[in-house]
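Have the structure open and follow along.

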Amino acid sequence: MLAETICSAVSVAGLGIAAVTAYRKRFLAATRITAYALVPVALVMTGFVEWVSGMVFNPTVWAGFGLLGVSWLLFMTTRAIERRGLAASGEPGEPGKSGKKVKGSPAAGAVAPAASAPSLGAARTGPQSQSAAPTEDFSDIEAILKKHGI
């Protein structure tokens with residue numbers, strides 16, 4: 001009941017401001033203010049204000065929000081523990097196993113050192129690619145740059 005009275009008072013005040021704005025020959029602004037002033041009354045008439053006020057002042061609703069928070073916290077905790085277990089074991093199929101490896105045994109996900117090197121094709125391998133690099137001719141690139149005045 002109090003919320004409906006407050007919404008009605010806000011709408012009446014907004015309509016008063018819109019009337020003063022229209023009196024000053026600012027009809028576009030007055031129309032916009034009128035539109036905003038009618039929103040609180042419309043919310044009261046649709047029952048939205050009563051629903052929100054019933055929800056805000058109801059302790060059962062707040063207990064429900066608390067339970068939602070607890071369930072979210074439990075979900076996130078279990079996900080973090082599961083990820084930490086996967087990261088420790090290094091194997092996605094066994095989340096509970098420990099991450100210790102035997103000394104001298106290759107790691108399960110080991111990658112060859114040359115795997116991170118860029119692939120230049122079969123023609124360029126070994127010492128040939130290193131000796132060919134300094135002798136490349138950039139005359140065509142220089143001609144394009146000179147053509148554009150760079």
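## T21, tucked away

T21 is buried, because its relative accessible area is 12% and the cut-off for buried is under 20%. Keep in mind that you're looking at a predicted model. This threonine sits in helix α1, and its side chain reaches back to the backbone oxygen of I17, at 2.8 Å.

Who else does T21 touch? Setting aside neighbours within four places in sequence, T21 is in contact with R26, A29, A30 and I33. Of these, A29, A30 and I33 are on the α2 side of the contact between α1 and α2.

S11 is another residue of helix α1. Is S11 buried or exposed? With a relative accessibility of 2%, S11 counts as buried, since anything under 20% does.

Not counting residues up to four places away in sequence, S11 touches A37, P40 and V41.

## How α1 and α2 pack

Two packed helices are described by the angle between their axes and the distance between the axes. Here, helix α1 covers residues 2–23 and helix α2 covers residues 27–46. Their axes are 8 Å apart and the packing angle is about 170 degrees. The cut-off for roughly antiparallel is over 145 degrees, so α1 and α2 are roughly antiparallel to each other.

Sorted by class, that gives 15 nonpolar, five polar and one charged residues.

## Two aromatic pairs

A pair of aromatic rings is described by the distance of the centres and the angle of the planes. How many aromatic pairs are there? The count comes to two. One of them is F48 with W51, a tilted pair at 5.8 Å centre to centre and 40 degrees between the planes. Both residues lie in helix α3 (residues 48–56), three residues apart, or about one turn of the helix. F48 is partly exposed, at 42% relative accessibility, while W51 is exposed, with a relative accessible area of 52%.

W62 and F65 also form a tilted pair, 5.9 Å centre to centre with 55 degrees between the planes. Look for W62 and F65 in helix α4 (residues 59–89), where they are three residues apart, about one turn of the helix. F65 is partly exposed, with a relative accessible area of 43%.

## D137, out in a loop

Now jump to the loop between α5 (127–132) and α6 (139–147), where you'll find D137. D137 is exposed: its relative accessible area is 60%, and the cut-off for exposed is over 50%. A polar contact of 2.9 Å links the side chain of D137 to that of S139.

## The whole chain

Zooming out, the protein has six helices and zero strands, giving the pattern α-α-α-α-α-α along the sequence. Of its 150 residues, 8% count as buried, and T21 and S11 are among the buried ones.

What share of the contacts with a separation of 6 or more comes from residues 24 or more positions apart? In this protein, such residues account for 29% of those contacts.

Notes: Residues numbered from 1 in each chain as written. Predicted model: local features only at pLDDT ≥ 70, side-chain atom pairs only at ≥ 80, totals over all residues. Heavy atoms only, no water. Axes fitted to C-alpha atoms, helices over the stretch in contact; angles between N-to-C directions. Helix = DSSP H or I, 4+ residues; strand = E, 2+ residues; numbered from the N terminus. Parallel < 35°, antiparallel > 145°, perpendicular 65-115°, else oblique. Contact = heavy atoms within 4.5 Å. Nonpolar A, V, L, I, M, F, W, Y, C, P; charged D, E, K, R; others polar. Buried < 20%, exposed > 50% of the residue type's maximum accessible area, 1.4 Å probe, protein only. Polar contact = N/O pair within 3.5 Å; in protein donor to acceptor, adjacent residues only side chain to side chain. Phe/Tyr/Trp six-rings, centres within 6.5 Å; stacked < 30°, edge-to-face > 60°.
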